[in-house]
Amino acid sequence: MEKQNRKKLAPILAAAAFAVLAAALALVWHFTRPAPAAGEKHITVEVIHKDGSAKTFAYDTDEAYLGAVLVAEGLISGDGGQFGLYVTTVDGETADYDADQGWWALSVNGEFAQTGVDATPVNDGDAYTWTYTTG
């Protein structure tokens with residue numbers, strides 16, 4: 001009888017251990033994520049379109065993360081998902097992955113972004129680039 005109880009308890013203990021591990025990882029991420037600067041910041045955003053043309057936008061903001069700035073300004077839009085905003089449209093141009101494997105790549109100060117637009121911190125003087133990319 002005691003052996004059967006142990007067999008029934010094992011999946012419950014495994015689920016509890018998984019929940020504790022997931023909570024610990026969430027806390028680690030929360031305390032180590034990129035931190036935004038406080039106060040008003042001046043940023044520039046360059047958009048490189050599919051045809052190679054480029055436009056530059058300048059914004060003054062006190063938002064903490066880039067996604068909030070660009071959505072509020074109407075520069076980007078997309079679909080929300082479990083990983084945040086998936087940007088499909090930048091400056092009125094929509095990338096269609098099904099048509100040409102097109103997507104928008106985000107760079108921060110010349111380096112490919114390591115976070116999604118919703119988790120990319122805004123710091124004074126930063127330069128962001130959206131590049132229409134295929135393949």
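Predicted model: local features only at pLDDT ≥ 70, side-chain atom pairs only at ≥ 80, totals over all residues.
Local features need pLDDT of at least 70 and side-chain atom pairs pLDDT 80 or more, while totals for chains, interfaces and linings use all residues. Residues are numbered from 1 along each chain as its sequence is written, and side-chain values use heavy atoms, with hydrogens and water left out.

Q: How many salt bridges does a search of the whole structure find?
A: Side chains of opposite charge can pair when their charged atoms come close. A salt bridge here is a side-chain nitrogen of Lys or Arg within 4 Å of a carboxyl oxygen of Asp or Glu. Searching the whole structure for such pairs gives a count of two.

Q: How many residues apart in sequence are the parts that Lys50 and Asp100 tie together?
A: The side chains of Lys50 and Asp100 form a salt bridge at 2.7 Å, N to O. Lys50 is in the loop between β1 (41-48) and β2 (54-61) and Asp100 is in helix α3 (residues 97-100), so the parts tied together are separated in sequence by 50 residues.

Q: Which residue meets Asp91 in a salt bridge?
A: Asp91 lies in the loop between β4 and β5; helices (H or I, at least four residues) and strands (E, at least two) are DSSP runs, numbered from the N terminus. The partner's side chain meets that of Asp91 at 3.4 Å, N to O, and belongs to Lys55.

Q: Is Asp91 buried, partly exposed or exposed?
A: Buried means under 20% relative accessible area, exposed over 50%, and partly exposed in between (1.4 Å probe, protein chains only). Asp91 has a relative accessible area of 21%, so the term is partly exposed.

Q: What is the phi of Gln101?
A: Gln101 sits in the loop between α3 and β6. Gln101 is not a glycine, yet its phi is positive, at about 55°.

Q: Which residues make the nonpolar surface patch of about 300 Å²?
A: Patch residues have over 30% relative accessible area and no salt bridge; like charges are joined within 9 Å, nonpolar side chains (Val, Leu, Ile, Met, Phe, Trp, Tyr) within 5 Å. Areas come from the Shrake-Rupley method with a 1.4 Å probe, and for residues only the protein chains shown count as cover. The patch is made by Leu9, Ile12 and Leu13.

Q: Which strands each supply at least two residues of the lining of the largest pocket?
A: The strands in question are β4 (84-90) and β6 (102-108).
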